[in-house]
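Reader: I would like to go through the pockets and the strands of this model with you. Could we have it in view first?

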Amino acid sequence: SDGDLVRAFTGCGEYRARQMIVTAGAWVSSLLPGLDAPFRIERQVLHWFDPTTDAASFSSSRCPIHLWQFDEGRFFYGFPDLGAGVKAAFHHSGEATTADEVRRDVAPAEVDAVRAVLQRFAPAADGPARASSVCRYTNLPDEHFLIDRHPGEPRVLVASPCSGHGFKFAPVVAEVLADL
């Protein structure tokens, strides 16, 4: 810190401010010394499928964003077809990883596992697979985000919801951070 200012050094230069928000996702622990939050970085695989019938039924006006519990403690979610296919993925079932060593390849068995759940709950979304992608969840052991002040520097706010999962909460996270 520099008097009343917090200083941050980045590859783009030095920044000074009265307060700072760090939203570095999976890299937050490595960027903030003294942050002893026990983050779990989880590999998440996302899939997009063409609907098998009546694509209009999967439009944003007819198909809501949804989260289903399908077995004891297991969830999958989906998004309507916004032009890239119906999105479907499991929620909190990914392998533990690190920020830099996340496995990017998607195995056919991972596509098949999501397809089996679609066949059970949304069979009309079980068309040809369009794409798969990998992202990271950065959460605490209770599967929640960290949104708090740094324990060693109260002018530094830390927010961990910086993945696709956190993106869904962007408006409320921004409001909480602005209030802090």
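Reader: How do the residues lining the second largest pocket divide into nonpolar, polar and charged?
Author: The lining of the second largest pocket divides into 4 nonpolar, 4 polar and 4 charged residues. Ala, Val, Leu, Ile, Met, Phe, Trp, Tyr, Cys and Pro count as nonpolar, Asp, Glu, Lys and Arg as charged, and the others, Gly among them, as polar. Please note that this is a predicted model, in which local features need pLDDT of at least 70 and side-chain atom pairs pLDDT 80 or more, while totals for chains, interfaces and linings use all residues. Numbering starts from 1 along each chain as its sequence is written, and side-chain values use heavy atoms, without hydrogens or water.

Reader: Which residues line the second largest pocket?
Author: The lining includes Arg43, Gln44, Val45, His47, Phe90 and Ser93. Gly94, Glu95, Arg103, Glu110, Ala113 and Val114 also belong to the lining. A pocket is an open set of points on a 1 Å grid over the protein atoms alone where a 1.4 Å probe fits, with protein on both sides within 12 Å along at least five of seven lines; lining residues have an atom within 4 Å of a point.

Reader: And which elements give two or more residues to that lining?
Author: Strand 4 (40-49) and helix 2 (108-121) do; strand 4 provides the largest share, 4 residues. Helices (H or I, at least four residues) and strands (E, at least two) are DSSP runs numbered from the N terminus.

Reader: Now the largest pocket: which residues lie nearest its centre?
Author: Ala8, Met20, Val22, Leu31 and Leu32 lie nearest the centre, among 14 lining residues. The lining has 10 nonpolar, 2 polar and 2 charged residues.

Reader: Which strand gives the most to this lining?
Author: Strand 1 does, with 5 residues. Strand 1 (6-10), strand 3 (20-22) and strand 10 (153-159) each supply at least two.

Reader: How many bridges join strand 9 to strand 10?
Author: The two run antiparallel and are joined by 4 bridges, with His150 opposite Glu153 in strand 10.

Reader: What about strand 5 and strand 6: parallel or antiparallel?
Author: Strand 5 (residues 66-71) and strand 6 (residues 74-79) run antiparallel, joined by 5 bridges. His66 stands opposite Gly78 in strand 6. The two strands form a hairpin with 2 residues between them, and Gly73 in the turn has a positive phi of about 75 degrees.

Notes: Pairing = 2+ DSSP bridges.
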